[in-house]
Amino acid sequence: MKGLMVVCPSCGSLNRVPQERLGDKAKCGKCHAEILPDHPVNLAAARFNTYIQKNELPVLVDFWAPWCGPCRSMAPQFEQAGRTLRGRVLFAKVNTEEEQSLGARFQIRSIPSMVLFKIGKEHARVSGAMGAADIQRWLAAQGV
């Protein structure tokens, strides 16, 4: 029973989760926080690299800003897609106002922009607000 490596969004520890338990509310072995939350995690620059590179599950990152109307209207849809795809895709958010270095690093030119990472590498990206069903269809088209 190999399992997948999953990074704890709270403490950054690596946890091996058996594939049959990916739908469960698995807890971190170190800090006991939930490692597969049913909501997007907020990523700061300090933990971004570890979260993106060490997770063996795909990570979908929403680059957004609080002043952006389409970003605010898409937020509940992004959360709903995250609940639906829990255990298959990790959902994260980066506030480009607070984390300008990440926005620059990934050349985010318009928001909201979603970037799909697979084991540390950018796999695909899309810009513009989307509904939950559209997010799910887009991810399915990416092989997720």
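## Terms and model

Buried means under 20% relative accessible area, exposed means over 50%, and partly exposed lies in between (1.4 Å probe, protein chains only). Helices (H or I, at least four residues) and strands (E, at least two) are DSSP runs, numbered from the N terminus.

This is a predicted model, in which local features need pLDDT of at least 70, side-chain atom pairs count only at pLDDT 80 or more, and totals for chains, interfaces and linings use all residues. Residues are numbered from 1 along each chain as its sequence is written, and side-chain values use heavy atoms, with hydrogens and water left out.

## Overall build

The protein chain has four helices and seven strands. Along the sequence they run β-β-β-α-β-α-β-α-β-β-α. The C-alpha atoms fill a box of roughly 40 × 30 × 25 Å along the principal axes.

Buried residues account for 49% of the 144 residues. The chain exposes about 7,200 Å², and carbon and sulfur atoms supply 48% of that area. Accessible areas come from the Shrake-Rupley method with a 1.4 Å probe; for residues, only the protein chains shown count as cover.

Contact means heavy atoms within 4.5 Å. Of the contacts between residues at least 6 apart in sequence, 62% join residues at least 24 apart.

## The sheet

Five strands make an open sheet, ordered β3-β5-β4-β6-β7, with mixed pairing. Its edge strands are β3 and β7 (121-127), each pairing on one side only. Two strands pair if DSSP finds at least two bridges between them.

Strand β5 (residues 90-95) is mostly covered, with six of its six residues buried. Both faces are covered. L90, A92 and V94 are buried on one side; F91, K93 and N95 are buried on the other.

## Neighbours of β5

Strand β3 (residues 41-42) pairs with β5 in the parallel sense over two bridges. Here V41 stands opposite A92. Strand β4 (residues 59-64) also pairs with β5 in the parallel sense, over six bridges. There D62 stands opposite K93.

From β4 the chain crosses through helix α2 (residues 69-84) to β5, and this β-α-β crossover is right-handed. Right-handed means that, with the strands pointing away from the viewer, the path from the first strand over the helix to the second runs clockwise.

## D62 in β4

D62 sits in strand β4. Its relative accessibility is 0%, so D62 counts as buried. The D62 side chain makes a polar contact with the side chain of K93, at 2.6 Å. K93 is itself among the buried residues of β5. A polar contact is a pair of N or O atoms within 3.5 Å; within protein, one must be able to donate a hydrogen and the other to accept it, and residues adjacent in sequence count only if both atoms are side-chain atoms.

Leaving aside residues up to four places away in sequence, D62 touches M74, F78, A92, K93, V94, P112, S113 and M114. A92, K93 and V94 in that list are buried residues of β5.

## The β6–β7 hairpin

β6 and β7 pair in the antiparallel sense over six bridges. K118 has K121 in β7 as its bridge partner. The two strands form a hairpin with two residues between them.

I119 lies in the loop between β6 and β7. Its phi is near 45 degrees, a positive value in a residue other than glycine. I119 is exposed, with a relative accessible area of 53%.

## Other backbone features

The peptide bond from I111 to P112 is cis, with omega near -5 degrees. P112 lies in the loop between α3 (100-105) and β6 (113-118). P112 is also one of the residues that D62 touches.

H32 is in the loop between β2 (14-17) and β3. H32 is not a glycine, yet has a positive phi of about 70 degrees. With a relative accessible area of 55%, H32 is exposed.
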